[in-house]
Amino acid sequence: MTAVLDPGRPFTGSERELLESILGLYRRELVRAIEHLSDTQAREKLVPSLTTPISLIKHCAAAERIWFQRTLAGITVDECDGHATGGDGSFHVTDHETLADVIAEYVAACRRSDELVADRDLDDTVEHHLVGAVSLRFIYLGMIGEVARHTGHSDILAEQIEAGLAMRHK
């Protein structure tokens, strides 16, 4: 059974409950896909882009800050609790950061996002610097797509890393 069908999560309820549930599911699945990797494995580069398992977590932490801290709450880049701009910099992991560090950073960013939405309605709108007015509903849907896409990337990369390890040990 896939995680999306796991018992214990709502399959009915308000739109808000369902949006929060599916975003929470993909947040957890993103971490689950790679948390068992070693720090070396998490940094393994299998594609030409900056994408590695650990950098996907780092990028998703930045996306949380961009959409919930900067866009929704209007917090400046300098006041955010970590990297909060897009582009290549959102994938940058320093040499001294471990996978556990980056996961903890991501979990903290998600927790902060949840705090920032607590007193808002799905129809609340804020100004996005590029596209104009966006609703909290739009932010949820965008983040669900972002995290789900990178969860799939993480699953594939972890599978390739593990397959490569198994082949080296044959």
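Colleague: At roughly what angle do the axes of helix α1 (residues 15–34) and α4 cross?
Modeller: This is a predicted model, in which local features need pLDDT of at least 70 and side-chain atom pairs count only at pLDDT 80 or more, while totals for chains, interfaces and linings use all residues. Residues are numbered from 1 along each chain as its sequence is written, and side-chain values use heavy atoms, with hydrogens and water left out. Helices are DSSP runs (H or I, at least four residues; strands are E, at least two), numbered from the N terminus, and axes are lines fitted to C-alpha atoms, for helices over the stretch in contact, with angles from 0 to 180 degrees between N-to-C directions. The axes of α1 and α4 come within 11 Å, and the angle at which they cross is roughly 175 degrees.

Colleague: Are α1 and α4 roughly parallel or roughly antiparallel to each other?
Modeller: Angles under 35 degrees count as roughly parallel, over 145 as roughly antiparallel, 65 to 115 as roughly perpendicular and the rest as oblique. With axes that cross at roughly 175 degrees, α1 and α4 are therefore roughly antiparallel.

Colleague: How many charged residues does the contact of α1 with α4 have?
Modeller: Contact means heavy atoms within 4.5 Å, and the α1 residues that meet α4 include Arg16 and Arg27, with Asp114 among their partners in α4. By class (Ala, Val, Leu, Ile, Met, Phe, Trp, Tyr, Cys and Pro nonpolar; Asp, Glu, Lys and Arg charged; the others, Gly among them, polar), the contact has eight nonpolar residues, one polar, and a charged count of three.

Colleague: How are α3 and α4 oriented to each other, roughly parallel or roughly antiparallel?
Modeller: The axes of α3 (residues 53–72) and α4 come within 9 Å and cross at roughly 20 degrees. That angle makes the orientation of α3 to α4 roughly parallel.

Colleague: Is Tyr106 buried or exposed?
Modeller: Tyr106 lies in α4 (residues 99–117) and, not counting residues up to four places away in sequence, touches Val147 as well as residues including Arg27, Leu30, Ile57 and Glu64. Buried means under 20% relative accessible area, exposed over 50%, and partly exposed in between (1.4 Å probe, protein chains only). Because its relative accessible area is 1%, Tyr106 is buried.

Colleague: How many disulfides does a search of the whole structure find?
Modeller: A disulfide is a pair of cysteine sulfur atoms within 2.5 Å. The sulfur of Cys80 is 14 Å from the closest cysteine sulfur, in Cys110, and so too far for a bond, while the sulfur of Cys110 is 8.2 Å from its closest, in Cys60, which is likewise too far. For disulfides in the whole structure, the search gives a count of zero.
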